[in-house]
Amino acid sequence: MRIGVFVCHCGTNIAGTVDSRGIAARAAELKDVVHTEDLIYTCSEPGQSAIQKAIIEKGLTRVVVAACSPHMHEVTFRRTVEGAGLNPYLFEMANIREHCSWIHDDYGLATEKAYEILKMSVAKVRQLEALVPNEVPVNKDVLVIGGGVAGIQTALDLADAGLKVTIVERETTIGGTMARLDKTFPTIDCSACILTPRMVDAAQHENIEIMAYCEVDKVQGYVGNFTVDIRKKAAMVDWVKCIGCEICVQKCPAKAPDVFNVGLAETKAIYIPFPQAVPKRAAIQVEHCRWFQQGKCKVCERVCPADAIDFEQQDEYVQKEFGAIVMATGLDVFPWENHYHEYGSGNIPDVISGLQYERMLNASGPTSGHVVRPSTQGIKGQEPEEPKTVVFIQCVGSRDESVGRPYCSSVCCMYTAKQAILTKSHVGMDTEVYVFYIDIRATGKGYEEFVKRAQTEFNVKYVRGRVSKLYEDVIDGSRKVIVRGVDTLLGKQVEVAADLVVLASGITSAEGAIPLAQKLNISYDEWGFFKESHPKLRPVETNTAGVFLAGACQSPKDIPTAVAQASGTAAKVLGLLSRDKLKTSPQIAIVEQNRCVSCWKCVEVCPFSAPQKQEQRDGTFKSHIIETVCQGCGICVATCPVNCITLKGFTTDAIIDQIEELLLA
Amino acid sequence: MAQATDTTQAAGTTPPDAGDEVKVVGIVCNWCSYAGADGAGTARLKQEFEMRLLRVPCTGRIDPLFAIKAFEKGADGVLISGCHPGDCHYSEGNYYARRKFELLDRMLPFLGVEPDRFKYTWVSASEGARWQKVVNEFVGKVKALGPREGRAL
């Protein structure tokens with residue numbers, strides 16, 4: 001065995017705290033090590049060439065690179081050694097950057113630790129054997145979970161490229177958050193004019209199937225071969241018959257809160273969220289339906305011209321196969337009512353969220369685009385009052401550690417500027433508009449100019465400071481919301497008597513994001529945003545091969561960013577599915593059958609049903625692990641009572657040798 | 001490099017406070033805790049120096065005998081960390097691990113290993129700060145106990 005050891009300086013990232021040259025020289029004393037070298041940037045072209053040169057010239061049969069995390073460059077260096085004719089699995093990485101040089105200051109101690117980490121890797125590389133990947137056929141169909149603008153974009157890109165795409169959407173229509181917006185910044189384009197044609201494109205595309213009012217129930221399998229159980233929720237309406245005429249909605253006598261309009265209006269127990277819904281199909285909200293709650297009514301059934309109402313309908317389950325899955329589950333608005341008690345906890349009618357205001361501004365919204373004070377609505381013999389003074393408060397549920405949200409929601413500065421401009425154009429230029437802000441974050445193309453326009457052209461008054469309290473008071477006989485805050489630039493208290501207060505409520509992950517992530521075995525952060533594999537190297541991939549991310553499910557994003565990312569995701573999916581066969585990791589478990597005692601414990605514990613009972617020539621049964629099904633977790637290895645299962649690449653001998661190498665020193 | 005000489009001398013010779021020197025083995029899963037430790041590194045979250053990590057695909061791969069072996073060979077502490085329950089990359093490996101390590105945790109004191117020398121826990125890939133806390137608390141406790149008396153179990 002001839003081991004080569006390469007120690008990286010990573011500029012000063014490692015060499016600043018670790019004596020890379022020194023530990024490379026010392027590694028020469030280790031058993032079987034015949035070549036050591038320190039390299040300034042091992043991952044660079046000269047670095048990789050140096051490794052390949054040494055493999056060829058010194059006849060190396062094993063390689064250890066002490067550098068960064070294997071999550072960063074294991075794949076890179078496997079390719080490097082393979083390029084020089086060495087089996088890529090005869091390679092091991094020692095992580096002396098993330099786990100050493102970056103977390104310690106003491107040069108001597110960090111160098112000593114780095115050397116111990118390196119020694120452990122040398123001990124492990126001695127135990128490695130050459131491995132050859134298997135190939136599995138690939139299913140080329142794609143599942144997109146979530147039918148917002150990101151999901152639609154990914155689906156259209158994939159479908160245009162010839163792949164079959166299924167969009168699973170839990171609401172009765174696709175469209176997501178963007179469908180609820182009135183205008184988009186920084187162009188003040190009509191949101192629906194951009195989105196609804198895309199929704200129709202998706203619905204009419206020969207390669208796209210939209211499964212609305214459905215949810216992903218269960219995911220099995222692995223990259224190239226996922227099996228997904230999808231629950232079709234009972235709409236109590238036969239969607240094959242329903243023609244979306246809305247007669248049932250008009251005649252239904254039971255009122256229900258209008259979720260699409262964020263509670264600003266009421267809808268009916270049978271509903272279609274908005275006029276441009278795709279698919280345009282009705283569904284009954286059972287909890288609000290008179291028939292289901294009181295056992296009488298059935299008005300919808302009587303008026304339906306298509307005979308589509310079906311009170312007996314049950315949830316249905318369908319199973320489908322996919323090669324890749326794209327998560328595009330979007331966002332929810334931060335529930336500020338539960339956290340900002342100083343802003344009235346939602347009990348002051350004239351304090352509303354940004355999304356509610358968006359609905360109010362929308363021509364097809366509950367007020368037909370008229371800006372009104374909610375406190376003056378629905379009073380008999382009185383027209384709703386237009387606000388004369390409107391205050392916007394930014395960073396509600398963003399950049400606020402007191403409510404557990406330290407992150408920036410990235411869109412609120414811009415949507416506030418947009419709404420401030422729209423306020424002036426809807427109500428009149430003489431409206432007083434204030435924006436209380438912490439910092440203005442206008443980093444996109446044309447964004448800063450847009451905010452400037454709000455300030456100069458539309459005379460929106462920007463006040464730098466937080467609002468400490470909102471309360472109602474009567475001033476000169478009229479009901480006002482008193483906004484008490486501070487102007488940190490002038491260093492003084494500010495009080496504004498407002499008619500309407502709009503909170504720039506931040507973004508949180510979509511409800512149900514975490515249970516869904518658990519079904520797909522992908523990582524998520526403490527707020528439920530899905531975690532990308534690497535922010536720069538693999539920004540749309542997850543750590544689960546074959547599962548990708550698009551849009552705000554990964555982090556708060558505006559529409560241009562979400563759409564751009566969604567197309568990037570489509571490109572990655574196309575790259576994966578352009579092959580007919582996929583190579584699977586050869587680091588999998590194998591049974592030494594002559595020692596197997598047929599206890600079937602491996603069969604019981606395997607989450608993937610990889611171990612099977614295989615009949616032998618003598619008629620007995622022994623465990624056999626199907627190579628292409630095994631995911632290499634090693635649960636069976638640690639479970640087998642006679643230790644007859646080996647996990648290639650992570651053998652018991654390799655693990656014990658690492659422990660011994662470390663402790664025998 | 002000027003400091004290289006000092007380092008080489010430090011190796012193999014006795015550091016000033018060698019009496020308190022402890023060795024801690026961490027066995028972590030690839031998907032959550034190893035990545036969490038990477039995240040802590042990227043964020044330059046300073047940590048106790050004594051931890052040495054060993055990467056396995058899943059905590060479900062870890063045989064409790066690995067921990068016992070480490071103690072037998074002279075480890076002063078063993079930390080095991082994986083994905084939070086419900087978040088296992090392989091669906092349920094950490095559940096099997098939890099049962100085994102709960103049992104091991106209760107058994108080790110009977111073998112003469114103080115409770116603070118063994119810990120199993122969960123750190124996700126996005127919890128760099130939690131990883132730092134776990135390492136510093138655990139190593140701190142092991143250091144307070146000092147090196148283990150007598151190597152045999």
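Guide: Strand S24 (residues 467-475) of chain A runs antiparallel to strand S25 (residues 478-487) of chain A, and 8 bridges join them (DSSP must find at least two bridges for two strands to pair; strands are E runs of at least two residues, helices H or I runs of at least four, numbered from the N terminus). This is a predicted model, in which local features need pLDDT of at least 70 and side-chain atom pairs pLDDT 80 or more, while totals for chains, interfaces and linings use all residues. Residues are numbered from 1 along each chain as written, and chains are lettered from A and ligands numbered from 1 in written order.

Within the pairing, Leu470(A) has Val483(A) of S25(A) as its bridge partner. The hairpin leaves 2 residues between S24(A) and S25(A), and Asp476(A) there has a positive phi near 50 degrees.

As for the helices, H12 (residues 412-427) of chain A packs against H13 (residues 447-456) of chain A at about 35 degrees, the axes being 9 Å apart. Met414(A), Ala417(A), Ala420(A) and Ile421(A) of H12(A) meet Tyr447(A), Phe450(A), Val451(A) and Ala454(A) of H13(A) (contact: backbone-placed C-beta atoms within 7 Å). This contact has 8 nonpolar residues, with no polar and no charged ones.

Helix H6 (residues 149-160) of chain A and helix H7 (residues 191-204) of chain A have axes that come within 10 Å and cross at roughly 45 degrees. Their contact involves Val149(A), Ile152(A), Ala155(A) and Leu156(A) of H6(A), and Leu195(A), Arg198(A), Met199(A), Asp201(A) and Ala202(A) of H7(A). By class, 7 of these residues are nonpolar, none polar and 2 charged.

Definitions and conventions
Axes are lines fitted to C-alpha atoms, for helices over the stretch in contact, and angles run from 0 to 180 degrees between N-to-C directions. Two residues are in contact if their C-beta atoms, placed from the backbone, lie within 7 Å. Ala, Val, Leu, Ile, Met, Phe, Trp, Tyr, Cys and Pro count as nonpolar, Asp, Glu, Lys and Arg as charged, and the others, Gly among them, as polar.
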